[in-house]
Amino acid sequence: MSSLSEVKIIYGYCIKNDNNLSSNIHYNSMCFCGSLYQQNNQIILDSAQFRGVDEYQLIHSPITTELNFEKGNFRSGNYIWLGHIPDHFGHFILSLISRLWAVYSYPNHFRLAYCGKNFDEILKTRYICDLFEVFGLNINRMIKINDGDILEYTYVPQQCFIENYCSNKIIGQLYDKFSKYNKISCENDFVYISRRNITSGTFGVENEKDLEFFLMRKGIKIINIEELSIKDQINEWGKYNNFIGFSGSSFHLGSLLNNKTFIIINRNEFLSSNQYIIDQFSKNKCYHLYSNNIVLKNNDKFNLYFEIKDVEKMANDISGVIEKIKNSKINPTTVNRLHKSASKFLIKNDSIGEKISHYAIATQSSIYGIDEGNTRNAQGVLSGYLTGIYQFHTELEENPWIKLDLTKRSLINEIRIFNRNDRRETYNRFHEYEILTSEDDIEYNKIFSSFNEKITQNIINGEKFPIRVLFSNDIFSRYIKIVSIGYKYLHLDQIEVFGFWCDPEGTKNP
């Protein structure tokens, strides 16, 4: 029996985003904790760094702050926001490509604003310099931005790749740029990507040299690709069509050349989603496997370190998978998008599903009669931009409400409510409320009450966080009504609903 099995569970998410991305301009925004903030102290969400696991959240960045713009360091000119530059090869590739799609559409004199290590250290990091050259960018356009810097004009592209969460169709532009590195006639034999000479890092295999010995006896070529410069790595990826190896960052780079076949051996039955989602819009064929023939070992120089129990059997099993691929007896790995986390543990700080409120229709119980220069109509609460002030406003009345029509019957997993926080007095008006749902906009069922102490344990309250209501049971509905209890105004900044649209029978759409 083979020790290699096909991975069926994904660690993180694998959302395929077909929406058209945009790049928005912001004036006099301040850098803080790796993100940009407007003068109302609200974060510019597109500037922040996200990840899909362990918690899909803002990294290093609060949603609201108390920044002093008067004491900021003003930087004039035009900037394109790259965000935080990670000090890790794999994370750097993914963070760079996430916003790179927009860079080519702006003039070359626009500076590339980033947060991270000093520029002189960047210049000493060979793979960063090489990647900029490969992407056709002048690395001297980069400029480090510090906390307190105020940028005059900043163009902030939406991300086409969010780690462990989603990729966007525009990533196909990068495949087009890299496909030119493929040789006209690539070799079709499988080659093994070795990590044997890597002395520290995320992942290592103790007796990989022994595995290579048995693989070479089967005619499989060995390449120590991570020891090469980026340019030489790309040349090696361009020589061959078919690759084998333990999962690692090097495969991210190989994926960009497109039209490749990968056999990737994962550390356990959980597939890391980054490799999977980077291939969603590619023509790569990827077979994600895991083995019960490896055991965890202690090694202070690696985050994870393994030993192959029976290297000859592992080589035989790899050879067997190659034969199945050649004879079309095995298909590339596909993972269904689950409406709950695929992790063994419920990710409690995770937006579970897709944002289904983006195209919703909002109505409200009444419209505030005084024009204060802000949006008063209900649809403003779905604009997608945090302002810190209200984006809809009712009159003073008994139990004012706002209603969202999701346009389709949906599976609702989470509701986020962003209260206005420009003044404590107005912020505190929204503290006793109920959430109701309906299939037909006639009969409503209460699914949440702020009076229920048991439920409020599932949300994060406070000026610096959205109210987050998560549901342990499946909630199917088309209409959502939020009712503020008492004689008062209702005025909120934003509302977001996460989940999935369903077909009429209640099955989540793929």
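I looked up the largest cavity and found that about 120 Å³ of space lies in it. A cavity here is a set of points, on a 1 Å grid over the protein atoms alone, where a 1.4 Å probe fits but cannot get out. The volume is the space filled by probe spheres set on the points, which are joined across faces, edges and corners. The search of the whole structure gave me five cavities of 30 Å³ or more.

I must note that the model is predicted: local features need pLDDT of at least 70, side-chain atom pairs count only at pLDDT 80 or more, and totals for chains, interfaces and linings use all residues. Residues are numbered from 1 along each chain as its sequence is written, and side-chain values use heavy atoms, with hydrogens and water left out.

Next I listed the lining, meaning residues with an atom within 4 Å of a point. I found 14 residues around the largest cavity, and Gln49, Phe50, Ser95, Ser98 and Gln159 lie nearest its centre. Two or more residues each come from β6 (50-51), β8 (73-84), α1 (89-103) and β12 (161-162). I take these helices (H or I, at least four residues) and strands (E, at least two) from DSSP runs, numbered from the N terminus. Helix α1 gives the most, with four residues.

I then turned to helix α3 (residues 126-134), where seven of the nine residues are buried. Buried means under 20% relative accessible area, exposed over 50%, and partly exposed in between, with a 1.4 Å probe and protein chains only. Among the buried residues I noted Tyr127, Asp130 and Phe132. Just after α3, Gly136 has a positive phi of about 75 degrees.

For the rings, I counted 22 aromatic pairs. Rings of Phe, Tyr and Trp (its six-membered ring) pair if their centres lie within 6.5 Å; planes under 30 degrees apart are stacked, over 60 edge-to-face and the rest tilted. Tyr27 and Tyr153 are edge-to-face, because their planes stand at 80 degrees, with ring centres 5.5 Å apart. Tyr27 is in strand β4 (residues 23-32) and Tyr153 in strand β11 (residues 149-157), so the pair ties together parts 126 residues apart in sequence. Tyr27 is exposed at 53% relative accessibility, and Tyr153 is partly exposed at 30%. I also found Trp237, Tyr240, Phe243, Phe251 and Phe262 linked into a cluster by ring pairs.

Conventions: 1 Å grid on protein atoms, 1.4 Å probe; cavity = no way out; pocket = protein on both sides within 12 Å on 5 of 7 lines; lining within 4 Å.
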